[in-house]
Amino acid sequence: MTQTEPTTAPTWQKTACILCECNCGIEVQVEDRRLLRIRGDKSHPSSEGYTCEKPLRLDRYQNGTERLTSPLRRRADGSYEGIDWDTAIAEIADRLRQVRDEHGGDKIFFYGGGGQGNHLGAGYGQSLQAAVGAKYRSNALAQEKTGEMFVDGRLYGGHTKGDFEHAEVVVFVGKNPWQSHSFPRARPVLKEMAADPGRCMVVIDPRRSETAAMADIHLQVKPGTDAWCLAALGAVLVQEDLVDHAFIAEHTTGAEPVLAAYADVDVVDYAARCGVPEDLIRTTARRIAAAKSACTYEDLGIQQAPHSTLSSYLNKMLWILTGNFAKKGGMFLHSMFAAIAGSGGGGGARRTPVTGARIISGLVPCNSIAEEINTTHPDRFRAMCIDSVNPAHSLADSASFRTAMRSLDLTVVVDIAMTETAREADYVLPASSQFEKWECTFFNVDFPANVFHLRAPLMEPLEGTLPEPEIYARLVRELGVVDDATLTPLRTAAEQGLAEFAEAFFGAVTAEPQLMGVAAHVLYETLGPTLGTARGTAAIWGLAQLCAMNQPAAVARAGFTGAGFEPGNRLFEKVLEGEGVVFTRDDYEHAWDYVRRPDRRFTLEVPELIERMRALADEPSAWTTEDFPFVLSAGERRAFTANTIIRDPSWRRRDAQGALRINPDDAASYGVATGDSLRVVTERGSAEATVEVTDTLQPGHVSLPNGMGVEHADGTPGVAPNELTSLHHRDWLAGTPWHKYVPARLERV
Ligand code: SF4
């Protein structure tokens with residue numbers, strides 16, 4: 001304690017930052033429902049006290065936004081009236097029932113389930129989906145990661161990550177971890193790497209991002225040409241015989257057609273296409289091949305750009321062809337506390353009912369959602385439930401999404417604030433904030449020690465709000481899908497203890513397998529009451545059991561041992577303490593245990609991707625036109641950008657207007673300087689933006705940040721990027737949007 005602090009200073013409570021998927025552990029002092037002081041939690045097993053600048057003013061999330069405190073019902077004139085919870089639950093359940101009975105439960109579409117830090121409610125939302133017979137759902141991963149998920153599914157059936165802390169060579173592909181993090185202690189790790197002459201950081205990015213500026217090698221591709229650059233890197237490995245043949249022979253199948261495709265790549269031509277000197281591409285490939293260890297990280301820079309899925313495939317080939325898996329400094333597959341969106345990966349055989357878009361990892365492509373609704377097709381969606389996300393702002397072509405919402409028979413939004421999406425809904429249900437209830441994230445992707453953090457509430461729910469588990473429990477109860485004959489014996493068993501409950505619960509779902517669909521609800525209604533104020537964590541018990549059953553050896557190495565249901569029960573009791581918990585512990589070679597193939601080999605041949613890789617030779621590598629000669633990156637991650645859960649503009653310490661970044665040559669040609677304005681025009685819309693002149697962008701490339709243009713009582717600074725984006729600009733396979741490649745023109749204001 002410092003001398004200036006009063007002796008009555010509130011105690012430090014442990015929780016986590018909710019502004020990116022790292023969910024760094026933090027400690028918070030709370031006073032009068034305000035997050036007074038915030039610091040990194042040194043005892044957190046993955047972040048170890050690290051935070052970036054973003055969480056220090058998290059009170060702008062808790063209190064900076066006008067909170068909803070009553071369920072709202074839309075009137076015919078578009079205004080809203082407050083209604084009580086009982087009325088809201090009864091009316092929504094009744095209207096869901098009507099849609100189900102008239103059109104079928106599969107016409108009720110579910111979107112969301114939380115952002116970076118709030119996934120617990122989604123489990124209970126799945127019970128509502130099962131209760132109404134829904135079959136289609138999606139979330140933001142379907143505009144970011146489904147291309148990579150498709151590739152992961154085809155290659156090995158799981159999610160990979162790199163050992164950045166120990167790798168000799170790290171390749172960041174369309175990734176700027178200085179700002180977007182994504183792995184623990186990103187900035188110290190980057191600094192260590194940059195300072196070590198024996199290591200090499202490679203960045204593939206059209207911008208000279210903060211990370212690119214630190215890199216040993218920056219492959220500054222022309223926007224949208226990552227696939228040509230990645231194909232050329234792989235081609236050098238193959239054509240100069242730098243491939244780890246022993247690894248390929250021992251651990252893969254189907255390598256021949258892949259190697260043959262690389263052998264045919266014209267490296268000189270591809271280097272010219274992507275705008276990177278050929279010798280730099282060759283130097284980079286040789287450096288990767290010569291390293292004792294190498295790993296890569298791909299992110300939205302390629303995943304929201306042309307050829308997203310193909311680029312993922314070509315990226316992964318860099319570390320596979322060089323044998324960088326399951327060793328220190330290499331890549332690994334990891335354990336999971338709970339599967340996110342079928343993150344075993346793959347799929348793509350199932351299609352959406354109207355447009356026939358591929359459903360990957362169980363998710364409808366985000367760019368297809370409005371198209372599945374704005375139609376007279378008889379199989380169109382008729383109702384939509386949206387949980388704790390803001391798709392009318394975050395998905396491409398916001399205007400189309402608004403039209404879709406207003407054309408549905410029923411739309412329900414659960415959120416803490418009146419978001420852009422809530423403003424289009426028939427009903428808005430006010431949720432408690434992430435610091436007012438038990439919460440967690442399922443972005444648990446670390447190795448060799450993987451961490452899960454169940455966060456205890458810092459304060460009581462704001463009056464009038466409910467945690468999502470209670471909201472969904474009330475809706476499922478109202479729909480009457482689980483009767484007391486099922487619940488009563490489980491309640492009795494729960495009162496006897498976790499061991500007795502485990503026997504009873506798994507006995508019940510074995511006898512009635514359909515109960516698994518509403519498992520979270522059943523747990524909430526039976527185990528939940530024994531947990532007191534932690535009732536919302538009941539579903540975590542089920543996940544802890546599945547985690548222990550699916551990864552028994554790794555869970556045992558983390559200290560959760562015993563017979564039968566004991567490891568799962570012990571794990572549950574440990575996470576209930578509300579701190580970060582190492583739930584699996586592995587050694588590097590255990591990464592092979594997570595390869596979901598009977599022969600534990602990677603399946604390298606993916607015919608449709610090899611075919612498309614070969615087609616790169618003759619395809620255009622630019623999609624700008626005479627009318628729209630610039631490439632706009634719509635949604636750049638910067639120091640003070642977050643997703644739209646931060647609505648208070650005073651949160652931003654810099655770049656308050658969310659400037660349009662532009663190269664000095666382009667600025668000169670328009671006669672503008674930093675602080676002036678330009679109009680950005682795309683085929684879908686236009687917006688005026690404040691200019692920031694910077695040579696970090698190439699001529700012909702401009703960028704706008706994410707998270708801007710949200711409505712707040714103190715103003716709506718910046719441009720909402722998706723007023724400018726189009727649905728048809730999307731990946732040919734996964735349907736992921738080209739947010740990083742929006743053809744645009746600039747006009748003087
Ligand atoms: S790295 Fe992410 S989770 Fe960690 S403090 Fe920064 S924004 Fe929060």
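Reply: Happy to. Let's start at a helix end: D266 caps the N-terminal end of α11, with a side-chain oxygen 3.2 Å from the backbone nitrogen of V268. A polar contact is a pair of N or O atoms within 3.5 Å; within protein, one must be able to donate a hydrogen and the other to accept it, and residues adjacent in sequence count only if both atoms are side-chain atoms. This is a predicted model, where local features need pLDDT of at least 70, side-chain atom pairs count only at pLDDT 80 or more, and totals for chains, interfaces and linings use all residues. Residues are numbered from 1 along each chain as its sequence is written, and side-chain values use heavy atoms, leaving out hydrogens and water.

Me: Which residues of α11 are buried?

Reply: Buried means under 20% relative accessible area (1.4 Å probe, protein chains only). In α11, residues 267-274, these are V267, Y270, A271, R273 and C274.

Me: Why do they line one face of the helix?

Reply: An α-helix has 3.6 residues a turn, so residues three or four places apart point the same way. Down the axis of α11, the buried residues fall within an arc of 160 degrees (taken from the directions from the axis to the C-beta atoms), so they line one face. They pack against α8, α12 and α25, contact meaning heavy atoms within 4.5 Å.

Me: And which strands pair with β19?

Reply: Strands pair if DSSP finds at least two bridges between them. β4 runs antiparallel to β19, joined by two bridges, and R73 has Y427 as its partner. β18 pairs with β19 in the parallel sense over four bridges, where V413 stands opposite V428.

Terms used:
Buried means under 20% relative accessible area, exposed over 50%, partly exposed in between (1.4 Å probe, protein chains only).
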